[in-house]
Structure formats: C-alpha cells, structure tokens
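Reader: I have a model open and a few places to check. Can we go through them one by one?

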Amino acid sequence: MSEYIVDGRWTGPVVDQHIHLDRTNRYLSAIDEFVRVGGTGIILVHKPDFGNLPTNLAAYREVYSETISMAQEVRDKFSIDTGVVLGPHPVAWEHQIDSLGLKESTELHIGAANLALDFIENGEAQCLGEVGRPHYPISQDRWSAANQMLEEIMQSAAASQTSIQLHVEDNGAQTYSELSQMAVNAGLPLSKTIRHYAPADVSTDFTHGLSCTVSVGKDSVAKLLQTYTKTDAMWGMETDFLDDPRRPGAVLGPKTIPKRTNELCQSILNENDESVVEELLLNIHSNWPRELYGIDF
C-alpha cells in the first residue's frame with residue numbers, strides 16, 4: 001500500500017523545477033496558488049529585466065541578491081522547499097551585443113556566470129542558469145560565439161561541480177546531441193546538464209543522456225507515458241511561469257505541476273500497481289531533484 005497515493009491521487013512531494021517570480025506582479029500569490037493545489041517545492045530561477053539589463057558585475061550582484069531574497073520570503077511565508085538558480089540569460093547577452101559590442105557583452109556574460117558560481121559555492125544558490133544560447137535565429141558569427149561561450153561556462157560549472165540549467169533552441173534530438181557533446185568536451189556530467197523547457201520525449205534516444213525539466217503542457221502526459229520507461233536519465237517537471245501579466249499564454253500557470261502529476265499518476269496506475277507509480281513520482285519530485293540541486297524535497 002502506498003504512503004503517498006490516496007484514492008488514486010498523489011499526496012507526496014510536488015516540485016516545479018523552473019519558475020520565475022516578480023515582486024511587481026503576482027509574486028507570492030502565485031506561490032499561494034501552487035501550494036493550495038498540492039505544490040511542495042520550487043526551483044526559483046533568476047528572472048532578467050530585459051528593459052534594464054545589468055551592464056556590470058555590481059549590478060548583477062544586486063539582481064542575484066534580489067532573487068535570493070525572494071526565495072527566502074517564499075520559504076518564510078509558505079515553509080516549502082525552495083532552491084535558487086542564478087545566471088545570465090543568453091538572450092540578454094545577444095541583446096547587449098548591439099549596445100556593448102560582442103567582446104564586452106561576452107566578457108560581462110562570462111563574468112556574471114562566474115559570479116553566480118560564487119553564490120552557489122557560498123550556499124546561497126544551488127544551480128547555474130538559465131544559461132545557454134539564443135532560441136531564435138541569429139547570425140553565424142553570433143551563433144559561433146554563443147557556443148564557444150557556453151562551452152567555457154560549462155567548463156566552469158564542471159570545475160565547481162555544480163549542475164546547470166540550459167536555455168536553448170528547440171531543434172529536436174539534434175539540440176540534445178550537440179549539448180551532450182559540449183558537456184563531454186567540458187568535462188560536465190550529463191546528469192548535471194539539465195535542459196530546461198524540454199519536450200515531453202524523455203527517451204535516451206532523444207535526450208542523449210542529458211537531464212531535463214519537461215514543460216508539462218496539456219499533451220505532455222501522453223508523450224511521457226510513451227517514453228518514461230525508455231530512459232535512465234533524470235527528468236522533472238516545470239512551468240517556466242514568467243509572472244508577467246503581459247504574456248499570460250506564453251508559459252504554464254502555477255497550478256500546472258500538481259495537476260499534471262496527478263494526471264500522470266492516474267494514467268500509470270491503469271497498468272501498474274501503486275508501488276511502481278510511487279517510485280517514479282518520488283524520483284521526479286524528490287530523489288532526482290535532490291541529486292541535481294542538493295535539497296531534500
């Protein structure tokens with residue numbers, strides 16, 4: 001008999017591994033909504049202000065510290081497990097090339113990644129991200145620079161023995177294949193290389209062994225059911241909630257992870273006993289996040 005499955009519903013841990021918050025928008029009310037429907041933990045990811053991007057490391061230190069402060073407020077108010085992901089967004093780098101130039105924008109970006117690693121080594125954050133490369137077409141020169149920069153950041157993450165959340169384009173298995181090779185070149189374990197906003201295909205053939213956090217939209221459970229038995233890699237769930245009322249349909253809402261978790265639970269229960277379902281859901285929402293971020297969810 002399962003400790004966490006009651007009348008076919010999951011009552012155990014439920015973690016959103018990639019969520020943003022903004023003090024000027026919904027902020028704590030979004031977490032209240034998440035907790036009310038069964039959410040027990042979040043990974044809070046630094047949200048860049050694209051209208052006011054940092055132009056030096058002092059400014060990056062300030063915005064990182066603000067993300068850390070918000071995480072503590074979430075812990076204090078809701079008593080839920082809360083991890084922090086800090087890093088410079090690749091789109092910020094690409095935007096700032098126009099104003100700073102390629103060399104200075106790249107130096108700032110790498111410096112900001114190293115600063116985030118300092119926060120992680122001090123125990124104030126748990127993961128580097130979201131770093132990566134722009135998800136939209138850019139010039140070949142910028143694309144080459146983005147990949148060179150990402151590999152350097154991966155090397156720094158490997159040296160710090162930290163996990164890394166990646167923001168990348170959606171080009172199917174090819175994206176995973178390229179990232180996997182970059183991680184190997186950088187000495188970064190594939191298990192610590194996490195593709196964020198991932199498709200629901202978690203099979204090894206598709207992911208090339210990388211960890212991932214799946215964007216669990218309305219059709220995701222059907223694809224997860226087809227592929228979750230075909231991988232040995234770690235994966236989790238995310239909303240990428242932006243906390244931006246100007247883009248309400250761009251990402252998923254705070255209630256989504258508990259909802260999709262129960263949908264997955266009930267679907268797998270149709271063909272498996274409760275112990276099988278409990279093992280999988282504890283991996284998704286407790287064991288694997290603990291390995292990735294060092295937090296007891």
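Reader: Thr231 to start with. Buried or exposed?
Author: Keep in mind that this is a predicted model. Thr231 has a relative accessible area of 13%, and buried means under 20%, so Thr231 is buried.

Reader: Which loop is Thr231 in?
Author: The one between α8 (220–227) and β10 (235–238).

Reader: What is Thr231 in contact with, leaving aside its neighbours within four places in sequence?
Author: Val202, Ser203 and Thr204. A polar atom of the Thr231 side chain lies 3.2 Å from the backbone oxygen of Val202. The side chains of Thr231 and Thr204 are joined by a polar contact of 3.4 Å.

Reader: Next, His18. Where is it found?
Author: In strand β3, residues 15–19. His18 counts as buried because its relative accessibility is 0%.

Reader: Which side chain does the His18 side chain make a polar contact with?
Author: That of His20, at 3.3 Å.

Reader: And what is His18 in contact with, beyond four places in sequence?
Author: Ile43, Val45, Glu130, Gln165, His196, Glu238, Thr239, Asp240 and Phe241.

Reader: Glu130 is in that list. Which strand does Glu130 lie in?
Author: Strand β6, residues 127–132.

Reader: Backbone angles, then. What is phi at Ser79?
Author: About 55°, a positive value, although Ser79 is not a glycine. Ser79 sits in the loop that runs between α2 (57–78) and β5 (81–86). With a relative accessible area of 67%, Ser79 is exposed.

Reader: What about phi of His208?
Author: His208 also needs mention here: its phi is positive, near 55°, and the residue is other than glycine. His208 is in the loop between α7 (204–207) and β9 (211–215).

Reader: How exposed is His208?
Author: Partly exposed, at a relative accessible area of 31%.

Reader: Which residue with positive phi follows α4?
Author: Gly123, with phi near 85°.

Reader: And α9 with α10: how do their axes cross?
Author: At roughly 150°, with the axes of α9 (residues 256–269) and α10 (residues 274–293) coming within 9 Å. Angles over 145 degrees count as roughly antiparallel, and therefore α9 and α10 are roughly antiparallel to each other. Their crossing is right-handed.

Reader: Which residues make that contact?
Author: From α9, Ile257, Thr261, Leu264, Cys265, Ile268 and Leu269. From α10, Glu274, Val277, Leu280, Leu281, Ile284 and His285.

Reader: Last one, Glu152. Which helix?
Author: Glu152 lies in α5, residues 140–160. Glu152 counts as partly exposed, with 37% relative accessibility.

Reader: How far apart are the C-alpha atoms of Glu152 and Ala186?
Author: They are separated by 7.4 Å, and the two residues are 34 residues apart along the chain.

Key:
Residues are numbered from 1 along each chain as its sequence is written. This is a predicted model: local features need pLDDT of at least 70, side-chain atom pairs count only at pLDDT 80 or more; totals for chains, interfaces and linings use all residues. Side-chain values use heavy atoms; hydrogens and water are left out. Helices (H or I, at least four residues) and strands (E, at least two) are DSSP runs, numbered from the N terminus. Buried means under 20% relative accessible area, exposed over 50%, partly exposed in between (1.4 Å probe, protein chains only). A polar contact is a pair of N or O atoms within 3.5 Å; within protein, one must be able to donate a hydrogen and the other to accept it, and residues adjacent in sequence count only if both atoms are side-chain atoms. Contact means heavy atoms within 4.5 Å. Axes are lines fitted to C-alpha atoms, for helices over the stretch in contact, and angles run from 0 to 180 degrees between N-to-C directions. Angles under 35 degrees count as roughly parallel, over 145 as roughly antiparallel, 65 to 115 as roughly perpendicular and the rest as oblique. A crossing is left-handed if the near helix is turned anticlockwise from the far one by less than a right angle, and right-handed if clockwise.
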